[in-house]
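Here are my notes after going through your model.

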Amino acid sequence: MKTEVIIACRGEIPANLERTVSAAMTEAAVCIVYDGRETRDRMKPRAGLRIEDPFTSPRGCGQARHHGITTSAAANVVLVDGHMAFPPGWIGKIERHLAKHLRDVTCCSTQSLTPKWEPMPGELYHGAYLAMNTIEPQVDIAGPLTEFFALCAKWRTDAPEKARVIQAPMGACYGMRREWYTMIGAPFKILEAWGGEEELLAVCGYLCGGRTYLLPLTCGHIHAAPHRERTIHPAGRWANRLAILWAMPDMDAAAALERHMRQTGVPWAVIDGLVTDERGERIEALRIHLSVQSRTWADMVKSLVLPRTDFRPEPKPLPARAPATIPTTHRTIPRPPIGDSSQVVTRPVEVCERCNAVNPFRKVGGPRMHSRFNVAYARCWKCGHKAQVRQYVA
């Protein structure tokens, strides 16, 4: 067998998975690796389709792909998602390239698709570049509003005129020789959740003397593809990012990146606990493997990491509001001396200007005076709107 397409599957919509498998099987054998025991709508083995179910509980895309690669009998493997469309002759182009360039990891341009498999205008990407020490807006839905990334792959939007060497793969269609995956240290073995494959392929491939190559092919990929019965905890993603740093050969540089990443407001005690002793042995084995290669971490940073302006969140603009006015019906009284708590509570405002509640301050214990500005405020009992209810005149 020359090439096998490997699909890590967890919670895929059956119709999407069937369409992807059928398209891939027209050109190569396919292996589906289930990430955890799926109890319904499992695909049945058939000619040209291999089904693997190695885990009793979910372990992530990295472990599923690692199992598929290491159990394959093919010379080449191509890693894809379960919701993709492919151009005619794509496997042949990957095979011909890998036959000439034994140390390459290939990827393709990516056209984002809607859940109805229709192209999304303007959503065309061409691999990725690597960035370090970035500050990003919220990435994980359950994550903090500002996230600090140490090393991450970012989409490239610049359209290439022809095939070329790029910094990192992206787009979920990665081809390589199975032997080359072993030569770069079988890096997916350190992952225990979803995310991190692109960074590992780029960095480990380069340090071991390889490169990432963008082929003149465009594959379709459903953007934010719907899944069912799949929950991915953000702590697992951050543990993967931490494991990648611990596997880097330059420990001082990795420690500096780790300090930047730990500024993110996530439960680091939990995340540190996910990188267990047994996993730590795998991480250390990969770090030792990378540290004896001819290329160094400094070479990698110079060749692969592109300068990038960090995102820094800006404050959201306040909604337009009418200028504040002092109601003419307010009773004016002399400003009480400092320390005098005696106040005459008046309720001159009959209707809240926001929700139109009648007598809006009837449930408020009394206005709060701001002596610096000689004014007092109270909140509406219904909507919480704060309004100026009295002015003190000296």
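**Notes on helices and cysteines**

1. Let's start with histidine 67, which touches Val33, Glu52, Pro54 and Phe55, leaving aside residues up to four places away in sequence. Touching, or contact, here means heavy atoms within 4.5 Å. Histidine 67 counts as buried because its relative accessible area is 19%, and the cut-offs are under 20% for buried, over 50% for exposed and partly exposed in between, with a 1.4 Å probe and protein chains only.

2. Before going on, the ground rules. This is a predicted model, in which local features need pLDDT of at least 70 and side-chain atom pairs count only at pLDDT 80 or more, while totals for chains, interfaces and linings use all residues. Residues are numbered from 1 along each chain as its sequence is written, and side-chain values use heavy atoms, with hydrogens and water left out.

3. Where does histidine 67 sit? It is found in helix 2; helices are DSSP runs (H or I, at least four residues), numbered from the N terminus. Helix 2 covers residues 61-70 and is mostly covered, with nine of its 10 residues buried. Besides His67, the buried residues include Cys61, Arg65 and His66.

4. Now the helix pairs. Helix 5 (residues 197-207) and helix 10 (residues 297-304) have axes that come within 10 Å and cross at roughly 120 degrees. Axes are lines fitted to C-alpha atoms over the stretch in contact, and angles run from 0 to 180 degrees between N-to-C directions. That angle makes helix 5 oblique to helix 10: under 35 degrees is roughly parallel, over 145 roughly antiparallel, 65 to 115 roughly perpendicular, and the rest oblique.

5. By class, the contact of helix 5 with helix 10 has seven nonpolar residues, one polar and one charged. The classes are Ala, Val, Leu, Ile, Met, Phe, Trp, Tyr, Cys and Pro as nonpolar, Asp, Glu, Lys and Arg as charged, and the others, Gly among them, as polar.

6. Helix 6 (residues 234-246) packs with helix 9 (residues 277-291) at about 40 degrees, the axes being 8 Å apart, so helix 6 is oblique to helix 9. Ala239, Asn240, Ala243 and Trp246 of helix 6 meet Arg279, Ile283 and Arg287 of helix 9.

7. Helix 6 also packs with helix 7 (residues 251-261), at about 160 degrees with the axes 9 Å apart. That makes helix 6 roughly antiparallel to helix 7, and their crossing is left-handed. Trp246 of helix 6 takes part here too, alongside Trp238, Arg241, Leu242 and Leu245, against Ala254, Leu257, Glu258 and Met261 of helix 7.

8. Last, the cysteines. How many disulfides are there? The count comes to zero, a disulfide being a pair of cysteine sulfur atoms within 2.5 Å. Cysteine 173 is in none, and the nearest cysteine sulfur, in cysteine 108, is 3.9 Å away.

Methods
Helices (H or I, at least four residues) and strands (E, at least two) are DSSP runs, numbered from the N terminus. A crossing is left-handed if the near helix is turned anticlockwise from the far one by less than a right angle, and right-handed if clockwise.
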